[in-house]
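This report is written for a reader who meets the structure below for the first time. Please look through the sequence and the model before reading on.

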Amino acid sequence: MGDDSETQGASWLGKLTANQGKAWLAGTALLATGLVAGGYLMGDGLVRMKQSDRAVTVRGLAERDVTADLATWTIAYSAKAGDLQSAQAKVDGDTKAIRSFFNSLGFDADALQPTGANVSQYNENGIPTYTVKQRLSLRTTDIKKAEAAVKRQFDLVKSGVELEEGSGMAYTFTKLNDIKPEMIAQATKDARKSAEQFAKDSGTGVGRIKSATQGYFEVTARDGDTAGGWGVSDSPYKKVRVVTTVEYYLD
């Protein structure tokens, strides 16, 4: 009887040990499978992450020729005399000649406005000298008429008006905001063409935009840089230019 109990106990213990072994092997197999799967997923994630970093940065250019729609002409002139009254009388006469000049070209009287005056005095060998300076400003949207005035500016000089440095016509394009959206779209399209060419050469494809930066809009003279000054006029014919920087994902 005692031997049978010992035999049954040993048998039960053996079965328990065997079951534990099977459970351990099953757990080990499950753990190994999880590690393999986790390793695969992690590796696949790293590959995807690396692929998402594949990108190309390109620049796109858009240019457009425009014509200024605002002309501003600052006319600076002065007169010198031994007394203030004489200097002022000369300036008053010049002002009348300037207004007559613009009136003859068809400008309204209010198109020309005074923008500043200055009186200075100094002594040379005890003799006083007075200088009176005057500034008038012409502002018009009639560009053709403004150009005609510039071409005849030396008529003022011939009439005795002493134009000073700083006198000159300046042309401005004020409708930049109206053309910005189209030019940005054009520059972005140009950038994509460059990206597609790069992708083609490297055997890849162009994906969506990763980042984009708009450059400054630059307005310059169409036929070269000129600046207003005595005897010099700015150009009404402008070139608008913008450069965008775009980064595209590569497929």
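## Basis and overall layout

This is a predicted model, in which local features need pLDDT of at least 70 and side-chain atom pairs count only at pLDDT 80 or more, while totals for chains, interfaces and linings use all residues. Residues are numbered from 1 along each chain as its sequence is written, and side-chain values use heavy atoms, with hydrogens and water left out.

The protein has five helices and eight strands, where helices (H or I, at least four residues) and strands (E, at least two) are DSSP runs numbered from the N terminus. Along the sequence these elements follow the pattern α-β-β-α-β-β-α-α-β-α-β-β-β. Of the 251 residues, 29% count as buried, a term that stands for under 20% relative accessible area, with exposed meaning over 50% and partly exposed in between (1.4 Å probe, protein chains only). Among contacts (heavy atoms within 4.5 Å) between residues at least 6 apart in sequence, 79% join residues at least 24 apart.

## The open sheet and its helices

Four strands form an open sheet in the order β3-β4-β2-β5, with antiparallel pairing; two strands are said to pair if DSSP finds at least two bridges between them. Because β3 (112-124) and β5 (168-172) stand at the edges, each with a single partner strand, one side of each is left without a neighbour in the sheet. From one strand to the next the twist averages 15°, with axes being lines fitted to C-alpha atoms, for helices over the stretch in contact, and angles running from 0 to 180 degrees between N-to-C directions.

Strand β2 (residues 70-81) is joined to β5 by five bridges, the two running antiparallel, and Thr74 stands opposite Gly168 in β5. Helix α2 (residues 84-104) packs on the sheet, where it touches β2, β3 and β4 (127-140), and its direction makes about 150° with that of β2. Helix α3 (residues 143-151) lies across β2, β4 and β5, running at about 160° to β5.

## Nonpolar cores

A nonpolar core is a set of buried Ala, Val, Leu, Ile, Met, Phe, Trp, Tyr and Cys residues joined through side-chain atoms within 4.5 Å. The largest has 28 residues, and those with the most contacts inside it are Trp73, Ile75, Ile98, Phe102, Leu138, Met169 and Tyr171. The elements that give two or more residues to this core are β2, α2, β4, α3 and β5, and the largest share, six residues, comes from β2.

A second, separate core of 10 residues includes Val66, Phe173, Ile179 and Val240.

## Ala87 in helix α2

Ala87 lies in helix α2 and is buried, with a relative accessible area of 0%. Not counting residues up to four places away in sequence, Ala87 touches Ala79, Lys80, Ala81, Tyr130 and Val132.

## Helix α5

The 27 residues of helix α5 (residues 176-202) should span 39 Å at 1.5 Å a residue, and the end C-alpha atoms are 38 Å apart, which agrees; the expected span is 1.5 Å times one less than the number of residues. At Glu182 the helix α5 bends by about 30°, the bend being the angle between axes fitted to the seven residues ending there and the seven starting there.

Buried residues of α5 include Leu176, Ile179 and Met183, and what covers the buried residues of this helix includes β1 (55-67), β6 (206-214) and β8 (237-250). Helix α5 is followed by Gly203, whose phi is positive, near 75°.
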